Amino acid sequence: MSTAKTLYDKVFEDHIVHKDESGSYLIYIDRHLVHEVTSPQAFEGLANANRPVRRTDCTLATVDHNIPTVSRKNFKSLDSFIKQQDSKLQVKTLEENVKKFDVTYFGMTDSRQGIVHVIGPEQGFTLPGTTVVCGDSHTSTHGAFGSLAFGIGTSEVEHVLATQTLIQAKSKNMRIFVDGPLNEGITSKDLILHIIGVIGTAGGTGSVIEFAGKAIEDLSMEARMSMCNMAIEGGARSGMIKPDEITFEYVKGRPLAPKGEEWDKAVKYWKTLYSDEGAFFDDDITIRACDIVPTITWGTSPQDALPITGAVPNPDLVEDPIKQSGMRRALEYMGLTPNVPFKEIPIDKVFIGSCTNSRIEDLREAAKVVKDHKKADTVKLALVVPGSGLVKKQAELEGLDKIFTDAGFEWREAGCSMCLGMNPDILDPEERCASTSNRNFEGRQGAKSRTHLMSPAMAAAAGITGFFTDIREFTYNKYEHTPVEIGFEDEELQNAVYAEEKELNVDNKITSDDKINDIPQRSSANATETVDVTKEVVGGMDPFTTLTGIAAPLDKANVDTDAIIPKQFLKTIKRTGLSSGLFYEWRFIKDSEGKDQKTDFVLNVAPYDKAEILVVTGDNFGCGSSREHAPWALKDFGIKSIIAPSFGDIFYNNSFKNGLLPIRINQETILSKIYPLAVQGSGVTIDLKNQQILSAKDGSVLVEHFEIEPFRKHCLLNGLDDIGITLQKEEFIKKFEENRKVQFSFLEGGSKLIAPIKGTKKSPYGNNAVEW
Ligand SMILES: CC(C)[C@H](C(=O)O)[C@@H](O)C(=O)O
Ligand code: SF4
C-alpha cells in the first residue's frame, strides 16, 4: 500500500493522542477559540464538575455575535451599551467565565476584539499545521493556514476546555483542484460560490476538502480564508490549503507567532505539510478556473449559486420532484419570478462584513468600487462592518471609512452583525440584501429576510446601482490605493482604542436585574411537558436502547440548523426549554396582533405533536451552523431519533452528545418503507442493540441493519459521558503534551503571550499568571 499521505492525514496523525480498539481517535487540540453564544453551557458544565480549563494558553475568547456595531465612543459599561437583555446576559456570562477560568479575552473595549475567525489569524494564534476548534461552524476558515480547523458543538467545547482533546473519527479526503488562473477581477468568493454550486451543500459531507491548484496558490491569505470559511457550506467540516511562502509571510511578526529560532523550527515543520505525490483522495474534483465569472446566489441555500449574467432559474425545467418543490419554495420565499435576469432585480440593503469578507482586502475592494459614487436612493441602508477592531483601525488609517461614509454607506464597529442578526442589525421582512456573508438560509438576516451572497465588490456595486450588478460592467475609478502596513509592534494598535478603558468592565457583574426571559414560553402544543433540569448536570445521559414512538414525516432536503432553531433562541445560557423555538418559522405565523399562531406544520398536528422520531426524506438534515441548540430543541420537544438519508456532520455529532440518535438510511428505503408508515401515523421501533428498525404495529423488520460507529453505540447504550471517558486517558494526554513541548515548542505560550491593555498593570481577564 502506498505510504503517500494527504495534508489532512499528516496534520491528523501528528495530533493523535490515542486510538482505541473501535477505531476512534483522541486528538490533541492546539488552539481553541471561544465566543459568547456556544460557551455558557460548556463553562457551566465545567463549574458543575469542578474542572479547570486544562490549557488556558491554548484558549482565546472574544465577543462577536451579540454585540451592537454602533459606535463605542461613548461606551461606559455593558449594562448601558447592550440594550437587548438576552444578548447582554450572554456577553456578561462570558466575561464572568473568562475571569473565573483565567481565559484570555478580548472584550468590547479592546481593539483586538472581533469575529473569532478574523482575530485568530490576525493575532497569529492560528498557526499552520495546528488543530483549531471553536463552537462555531466557520472555524473551517483557519484551514487556509494548512491547519485542521473545524466547528464543534457546546458539549465538545466543554470537552476541549476540560481535556484539550476531542474524540474524532477520521474523515474522508476530498480534493478540489482549481486548474489554471482565475480571470481578471474574479475573487475567491466567486470561486467558492461556484464550487458549492457544483458540489452542492452536501458534497463535502464526511470529508475534509483540500483546495489546490494554481488559482488557489495565487490567492492571498485573506482570499484563502474566504474559501476555507465556506467549506462548511459545501458540507465539509474543514477546508485546507497547504501552507507556503504566502502563508509564512502572513504569519511572521504577528503577536503570537513564534519568534527567532522557534520561527525557523516552525517553518521547517510547516514546509513538510503538503499532500504527497500519489496520495489517495476519496473524491477528486477538478474545476476550470477560466469558467468562473462573478457569481451570486438566488435561493435559500448557498448551493443556489449562478453567474450574474444569468436569470432566476425555472423549476419547470427540473425533473427531480423533491428538487423541484424545494426550488419553488425557495423562489416563493425569495419573492422571485423565474427567468428574470439577475441584473434587473432591485435590492433594499447591502451588508459588507462577516467572517467570510470583512478583512482589510475585502474592505479595500469594496471601497474601490464605492469611491466617488453615491449609494442609490432606493437602497435603504448599506452597512460596512469590519471583522475586528484592528481591521477597522487599519481601514481608517487608509481612509476607507471616509470613502464609505462619503458615498452614504454606514461605517460600524466590529462584530458578526447582519450576517445572522443576533444583534440589532437585521433586515425587515421581505427586504432583499446584497450580502458578503456566507449563508442565505430562510430567516438568516431577520424573519422573512432575503439574502443574496456575493463578493465585496459586487455587494458594493449593488449599493451604488440599486440592482445586482456585474462588476465587470461597472465603471469605477480603479484608483491607486496605498495600503498602510499595520505594524503589530505599533503600540497604538496593540492597545485599546477607547479613552474610557480604565473605568471599564468594573460593573459588569450579572445582577438580579439580568433575570430575563431568554427563552420564549413553551407553545401550548407542549404545555404538558416538563423540563427535567437534572439533565443539565454534567455527564451521564439516559441510556438509549430501544425506542418505540410516533414517527413524524418531513419531506424536505437541506434542513439547516437555522431552520431547526432560529438565531433568536440562541441567546440562552441554558440547554433546556428550547422546544418552543423548534422549527419556529415553520411552526408559527404571526396574527394581526403580532401573536404566534400555529401553522399546519407536521409537528403541530396530532398525532405528530407527540412524535419521538422524525423521518426525513431529503439529504443533509442539520446542515450549516454548529449550534447544539438544534439537538437540544429537538430533544426538548420529545424527538429522540431522526432517520434521514444524510446529515450535516456537526449536527450528527452533536446529536450523540445529547442522547439523540441520528440514523442514516438510504433515501429509497426511507421512501418505500418508513415514510409511508409515518404518513399513516403508525409507530416505528428502533432497536439500537441490534441496529434494526421495525414497524411498531406488527413488528416486521423495515431496516435489517443500520450503521453506527461502535464507540458511539457503546456510549448511547450505556448513557456514557465523553469527558469522563477521556479523562481516563490522562496518561496518554500527559505523554502527548510532554512530547509536544519538545517537538512543537513553537506552540507553547499561546494566548498567554498576549499583551495587556494599555494603562493597566495586568490584563483584566486572564493572564493571572503574568504580572505586567
Ligand atoms: C452561533 C454559531 C453556533 C453559528 C455557527 O456555528 O455557525 C453562527 O456563527 C452562524 O454563523 O450561524
Ligand atoms: S458566519 Fe456570521 S455569525 Fe457565524 S461566525 Fe461568521 S460572521 Fe459570525
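Me: Where does His35 lie?

Reply: This is a predicted model. In it, His35 lies in the loop between β3 (31-34) and α2 (40-48).

Me: Is His35 buried or exposed?

Reply: Buried means under 20% relative accessible area. His35 has 1%, so it is buried.

Me: Which side chain does the side chain of His35 contact?

Reply: That of Asp136. The two side chains make a polar contact of 2.9 Å. A polar atom of the His35 side chain also lies 3.2 Å from the backbone nitrogen of Val37.

Me: Which residues are around ligand 1?

Reply: Val37 and Asp136 are among them.

Me: Which polar side-chain atoms lie 3.1 Å from an oxygen atom of ligand 1?

Reply: Take the arginines in turn. A polar side-chain atom of Arg439 lies 3.1 Å from a ligand 1 oxygen. Arg627 also has a polar side-chain atom 3.1 Å from an oxygen of ligand 1. Do not forget the backbone. A backbone N or O atom of Ser626 lies 2.8 Å from an oxygen atom of ligand 1.

Me: How much of the accessible area of ligand 1 does the protein cover?

Reply: On its own, ligand 1 has 310 Å² of accessible area, and the protein covers 97% of that. The space that ligand 1 takes is the largest cavity.

Me: Where does ligand 2 sit?

Reply: Ligand 2 sits in the largest cavity.

Me: Which residues are around ligand 2?

Reply: The residues around ligand 2 include His65, Asp136, His138, Leu420 and Arg444. His117, Ser354, Cys355, Cys416, Cys419 and Asn438 are also around ligand 2. By class, this shell has 4 nonpolar, 5 polar and 2 charged residues.

Me: Now the backbone. What should I expect of phi and of peptide bonds?

Reply: Most residues other than glycine have a negative phi, and most peptide bonds are trans. Look for the exceptions.

Me: What is the phi of Ser417?

Reply: Phi of Ser417 is near 55°, a positive value in a residue other than glycine. Ser417 lies in the loop between β17 (410-411) and β18 (432-435). With a relative accessible area of 0%, Ser417 is buried.

Me: And what is the phi of Lys448?

Reply: Phi is near 65° there, again a positive value in a residue other than glycine. Lys448 is in the loop between β18 and β19 (450-453). Its relative accessibility is 41%, so Lys448 counts as partly exposed.

Me: Is the peptide bond from Ala606 to Pro607 cis or trans?

Reply: Read omega. It is near 0° for the bond from Ala606 to Pro607, and the bond is cis. Pro607 lies in the loop between β22 (596-598) and β23 (613-616).

Me: How do I compare distance along the chain with distance in space?

Reply: Take pairs of C-alpha atoms. Those of Glu585 and Gly443 are 142 residues apart along the chain and separated by 7.8 Å. Glu585 lies in helix α19 (residues 584-587). At 25% relative accessibility, Glu585 counts as partly exposed.

Me: What separates the C-alpha atoms of Asp372 and Ile403?

Reply: They are 31 residues apart along the chain, with a separation of 7.7 Å. Asp372 is in the loop between α13 (360-370) and β16 (381-384). Its relative accessible area is 60%, so Asp372 is exposed.

Me: How far apart in space are Phe732 and Val616?

Reply: Phe732 and Val616 are 41 Å apart, C-alpha to C-alpha, and 116 residues apart in sequence. Phe732 is found in helix α25 (residues 730-743). With a relative accessible area of 31%, Phe732 is partly exposed.

Conventions:
Residues are numbered from 1 along each chain as its sequence is written. Chains are lettered from A and ligands numbered from 1 in the order in which they are written. This is a predicted model: local features need pLDDT of at least 70, side-chain atom pairs count only at pLDDT 80 or more; totals for chains, interfaces and linings use all residues. Side-chain values use heavy atoms; hydrogens and water are left out. A residue is near a molecule or strand if one of its heavy atoms lies within 4 Å of it. A polar contact is a pair of N or O atoms within 3.5 Å; within protein, one must be able to donate a hydrogen and the other to accept it, and residues adjacent in sequence count only if both atoms are side-chain atoms. Accessible areas come from the Shrake-Rupley method with a 1.4 Å probe; for residues, only the protein chains shown count as cover. On a 1 Å grid over the protein atoms alone, a cavity is a set of points where a 1.4 Å probe fits but cannot get out, and a pocket is an open set with protein on both sides within 12 Å along at least five of seven lines; lining residues have an atom within 4 Å of a point. A molecule sits in a cavity or pocket if more than half of its atoms lie within 2 Å of its grid points. Ala, Val, Leu, Ile, Met, Phe, Trp, Tyr, Cys and Pro count as nonpolar, Asp, Glu, Lys and Arg as charged, and the others, Gly among them, as polar. Helices (H or I, at least four residues) and strands (E, at least two) are DSSP runs, numbered from the N terminus. Buried means under 20% relative accessible area, exposed over 50%, partly exposed in between (1.4 Å probe, protein chains only).
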